[in-house]
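Work through these exercises with the structure open beside you. Try each task before reading its solution.

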Amino acid sequence: MPTPTRFTTRRPRGPLAAAAVAALTAALLTPAAAHAGPADRPGPRESRPVYSYAHAVRESVWVDTGLDGDGDGRTDRVAADIVRPREPAARGRKVPVIMDASPYYSCCGRGNESQKKTYDADGHVVQMPLFYDNYFVPRGYAFVGVDLAGTNRSDGCVDVGGPLDIASAKAVIDWLNGRARAYTTRTGSTPARATWTNGTTGMIGKSWDGTIANGVAATGVKGLKTIVPISAISSWYDYYFAQGAPLYDSGPDWLSDYVESADARAHCAAVQKRLVDGAPRSGDWTALWTARDYVRNADRVRASVFLVHGMQDLNVRTKHLGQWWDALARNGVRRKIWLSQTGHVDPFDYRRATWVDTLHRWFDHELLGYDNGIDREPMADVERHPDQWTTSALWPPRGTAAATLRPSAGNRAGVGTLGLRRGRGTETFTDDPRLSETDWAAQIDRPTPAKAGFTTRPLRRALHLAGSSRVTVTATPTTTTAHLSAVLVDLGPDTVRDYADAAEGITTLTNRTCWGASTAGDSACFQETEAKTADVGFTVVSRGWADLGTHADPGRGVPLTPGRAYTITLDLAATDHVVPRGHRLALIVAGTDKDLIDPPSTTPTLTLDLSRTSARVPLVGGAAAFARATAGTAPAAPGTAHAGSPDAGSLDAVRAAPGGSLRIPGGSAGRPPLG
């Protein structure tokens, strides 16, 4: 594990000291010393920080994408800023590449400290955001930061995950492998050749950046050996809609306008119009969404995938990780996964030392081919409590199977039970857009008009949920439009990361730790963080939404006939959660989930047919585990009220910040979209 440093390097003085340093440097900078462990000590090999970061080559090239997105009659060139060790090329050694393709390098910044690229008078990059170049360049990697088309110093237009975005990054990989042209300037004719690299590339990035990694991998481009998508989108339709229910009151044109350069805004009106026209607010699936659905092309993925996501990410919701993970598994892609309790947060800011060490070993294995054992370690790391992590050899764990759980009416309206037997009766609720999932869960044991809630008895044994759930609902509306929400809740006290806080589960401290080498213009030292926690009475485990009008076709909504029953299946977000002994598991079905979906045009009352309503929940041990956990009776956990108890009342939970800070497309208030 790398050791954080908090010291200033002192330079030796005088000719003897300088000679000693030169001799030591010459000894260190041999290819064998750069990448091999000591010959007399067996063990995993790892890349070592033996190359000079201060003397690294810093250059920029403009890669021809072959597309004319801005319609100016010339094919677009995208800027790729490169930081690479100088010594390997001088010795005829070629190095692999770590690449982050982003729209945020000039408009919004990257990381917890919103770093942007800076340049010297010659236009060469001085500060590359994040720690990747500081840490990996001395270890024999090149780092390439690509400006997506239409951003910063690139030509073209932003098309929000579409062909122009993906071509921006893919063209650079093609150039690194000798299949595309690049130039030393944006408009000149002097060619630039990537003679210093073997073309082996790994892509990494959070949010939009990680989304591009997913999209490029789905092209099957040769030379891309691994991707590390962090909190990334797998299908852009699912970023804006949940089965027809709008998640935001804007579309991809808003994001495009947010990140485009001034030059792109002046030339990209046609692309903006296509984004507006192709993404109707009806929520219907269009060709625009097909072009931005990477899941359908998972069979083309050649690269391995190290996927990282916050299970309480209400920006890029975990449906994205669940459907991408499952599609990759079906196609035999090598995978690794980290799941945290955070919202939309980079692992560098919640598990820093372990993350840097793991990422280092992952790239050494995937890009340098070192047999360091990381491929034989557990597939999954899951944060069970703040800063408490468990591992699993596979994910979902071996023995996980879907159990069909069925709601049934109880003795009071809206307060029912959840079990394995077919449900009975009906429940009725009226959509109230002023209420959210936390309001419903807080009143789970009280009859309230806006939700129907169903709970198990207190568990005799813990229940482990792992994967993606589906809830099938049969509902009769009173109006022509209706939106539905389905929520799984762990009812019981816990301490969790405060994911609805503006920082989504972390607190940024004032002290800094250093991860790699620094220069005057690019520090490797970053502010430390710690977990920000909240004590709660319940935890929302997973949620999903749908427009009931998409009951027959998830890609097209139709008006409802009041008084007619409709059956629809809602896809819930993936999760990994253990409901402890003494807690209860709850299913809530309701209408508009405030701050998470927009309301329908009418205010419907819906009646559920419980005999035709069920939840398919992935449980370790399947239905048998559920039966054992719910057999007989068990004492309620301290502070847990259950239906029928005299002290049943409101529970506390992590709540969204006032004013709907989570409603900004792409993040919390004050943060860039998707950042």
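**Exercise 1.** In which loop is Arg-93 found? Then trace its links to other parts of the chain.

Solution. Keep in mind that this is a predicted model.
- Step 1. Look between α3 (86-90) and β3: the loop there holds Arg-93.
- Step 2. Follow the side chain of Arg-93. A polar contact of 2.9 Å joins it to the side chain of Tyr-51.
- Step 3. Now compare sequence and space. Arg-93 and Asn-198 are 105 residues apart along the chain, and 8.8 Å separates their C-alpha atoms.

**Exercise 2.** Describe the protein chain as a whole.

Solution. 
- Step 1. Count the secondary structure: 15 helices and 30 strands.
- Step 2. Check burial. Of the 675 residues, 60% are buried.
- Step 3. Take the contacts with a separation of 6 or more. Residues 24 or more positions apart account for 76% of them.
- Step 4. The accessible surface is about 25,200 Å², and carbon and sulfur atoms hold 51% of it.

**Exercise 3.** Is Ser-47 buried or exposed? Find its place and its polar partners.

Solution. 
- Step 1. Locate Ser-47 in the loop between α2 (31-35) and β1 (57-64).
- Step 2. Apply the cut-off. Buried means under 20% relative accessible area. Ser-47 has 1%, so Ser-47 is buried.
- Step 3. List the side-chain partners. His-360 makes a polar contact with Ser-47 at 2.9 Å. Asp-364 makes one with Ser-47 at 2.8 Å.

**Exercise 4.** In what order do the strands of the 11-stranded open sheet run? Name the edges, then find the helices that lie across the strands.

Solution. 
- Step 1. Read the order: β7-β1-β2-β6-β3-β8-β9-β12-β13-β14-β15, with mixed pairing.
- Step 2. β7 (182-183) and β15 (388-392) each pair on one side only.
- Step 3. Zoom in on β12 (residues 304-310) and β13 (residues 335-340). The two strands run parallel and are joined by 6 bridges. For Gly-310, the bridge partner in β13 is Ser-340.
- Step 4. Place the helices. α12 lies across β12 and β13, at about 160 degrees to β13. Helix α13 (residues 352-367) lies across β3, β8, β9, β12 and β13, at about 160 degrees to β9.

**Exercise 5.** Why is helix α6 described as largely enclosed by the rest of the structure?

Solution. 
- Step 1. Count buried residues in α6 (residues 208-217). The count is 10 of 10, so the helix is largely enclosed. Among them are Trp-208, Asp-209 and Asn-214.
- Step 2. Identify the cover. It includes β3 (95-102), α5, β8 (197-206), β9 (224-230), α8 (252-259) and α12 (319-330).

Note on methods. Residues are numbered from 1 along each chain as its sequence is written. This is a predicted model: local features need pLDDT of at least 70, side-chain atom pairs count only at pLDDT 80 or more; totals for chains, interfaces and linings use all residues. Side-chain values use heavy atoms; hydrogens and water are left out. Helices (H or I, at least four residues) and strands (E, at least two) are DSSP runs, numbered from the N terminus. Buried means under 20% relative accessible area, exposed over 50%, partly exposed in between (1.4 Å probe, protein chains only). A polar contact is a pair of N or O atoms within 3.5 Å; within protein, one must be able to donate a hydrogen and the other to accept it, and residues adjacent in sequence count only if both atoms are side-chain atoms. Contact means heavy atoms within 4.5 Å. Accessible areas come from the Shrake-Rupley method with a 1.4 Å probe; for residues, only the protein chains shown count as cover. Two strands pair if DSSP finds at least two bridges between them. Axes are lines fitted to C-alpha atoms, for helices over the stretch in contact, and angles run from 0 to 180 degrees between N-to-C directions.
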